[in-house]
2 protein chains.
Amino acid sequence: MVKQERAARTRHALIQAAAAVFAEEGFVTASLSTISRRAGVSNGALHFHFANKSMLAEAVEAGAAKAVRDITEAASARQGDSLQTVVDATHELMGALAHDIVVRGGFELAGDCAYRGECSLRAQWQEWIEDTLRGAARNGALAEGVSWADSARVIVAATAGFEVLGGDDASWLSRQNVTRFWDVILPRLADRRNLAGLASAGTWPQPGIPAQDRSSLRASTEQ
Amino acid sequence: MVKQERAARTRHALIQAAAAVFAEEGFVTASLSTISRRAGVSNGALHFHFANKSMLAEAVEAGAAKAVRDITEAASARQGDSLQTVVDATHELMGALAHDIVVRGGFELAGDCAYRGECSLRAQWQEWIEDTLRGAARNGALAEGVSWADSARVIVAATAGFEVLGGDDASWLSRQNVTRFWDVILPRLADRRNLAGLASAGTWPQPGIPAQDRSSLRASTEQ
């Protein structure tokens, strides 16, 4: 392995380890020696890459911000109903909070009152939700009389709730939980003509989830 | 002032000060000398009442738990539609998070990964929401085909979101924000025959809010 490659791998391992320790202990309690031990590198190697704990926290936040941007940009780039775009992106973000320790660590830092970072993950997510819902209203995808701004606030608040409650109980981040949320919300938000075409469980490939489980919304609205 | 009275006032001032410092700095960073200074008492007086920081945190959590219990018990004791009971209690809880520093401090401790207390404020709130929604389903107050359990999860997640987002931006805790949430949610949750009788803005006395502002739901559903 060439030197540069090894350095990149060490840096990656340090960011992963820092994210895990920040998520478990909070910024103040997290110690650099716990982080380097967890990453399997020496204290010297840690200091070669990061001058202090704040720089590690910034790297975690930047990694989480990139993951959120990747999710929202990929969702926006797909063709189709803008409400479905939001449904899909919430599934992706909750999945990332459950399985990507850098995303979990970044959001834990965002909610850590002892740490005040530069980057606002929650604001980034909120702006995208608002932009997409505004677009949905423009395209007639929202039900009559439903405010895009109020709808955006419901979605932003609920996903912030999933994020926080999911720190203690991962079932809040599960595809099943997010699907049940949309089963309640979509019939109120979506224009009647589009509703049958929307999938609460998302439309992105979901390994391990049988296709028939994705049609819960259609079943419940056809009663 | 008799001795006992003075002791009770000191204890009260210490709990208020501790709640504020925990909310601002988190459990780990909060120092006993900051708390005693803020309460306007000596370090000795603090130690007379509380042996250590954890005991102060427990007192804050117990105060917050009592406030939540007062809110939910008062809501349950009132006659009327069970969905309106939930609407009213969410307004009260968000108001308490905005204006009662012990409630704010208690919930900040509940979300502080560096502190693990005994009492679970969020679980207490969730249980009450679930019990009340289950009762609403039994009484036919929910719309056909709407699951009480899914509805409860939406409300628990959204209120957890308001709580967390409200730590940085108090507008999430405002009566206006909570009213707009219910404007979106109630038409989906409530049985059609009851909907017109429900007030998104709550039915408890609200000093300073003109009565006509409480009827936003009715206006929006009568379009």
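What follows is a set of questions and answers on the contact between the chains.

This is a predicted model, where local features need pLDDT of at least 70, side-chain atom pairs count only at pLDDT 80 or more, and totals for chains, interfaces and linings use all residues. Residues are numbered from 1 along each chain as its sequence is written, with chains lettered from A and ligands numbered from 1 in the order in which they are written.

Me: Which element gives the most to the side of chain A that touches chain B?
Reply: The contact takes 34 residues from chain A and 34 residues from chain B; residues are in contact if their C-beta atoms, placed from the backbone, lie within 7 Å. Helices H1 (3-25), H8 (148-165) and H9 (175-189) of chain A each give two or more residues; helices are DSSP runs of H or I, at least four residues, numbered from the N terminus. With 12 residues, the top contributor is H8(A).

Me: At what angle do H8(A) and H8(B) pack?
Reply: Their axes, lines fitted to C-alpha atoms over the stretch in contact, with angles from 0 to 180 degrees between N-to-C directions, are 6 Å apart. The helices are roughly perpendicular, a word for 65 to 115 degrees. The angle is about 90°.

Conventions: Contact = placed C-beta atoms within 7 Å. Parallel < 35°, antiparallel > 145°, perpendicular 65-115°, else oblique.
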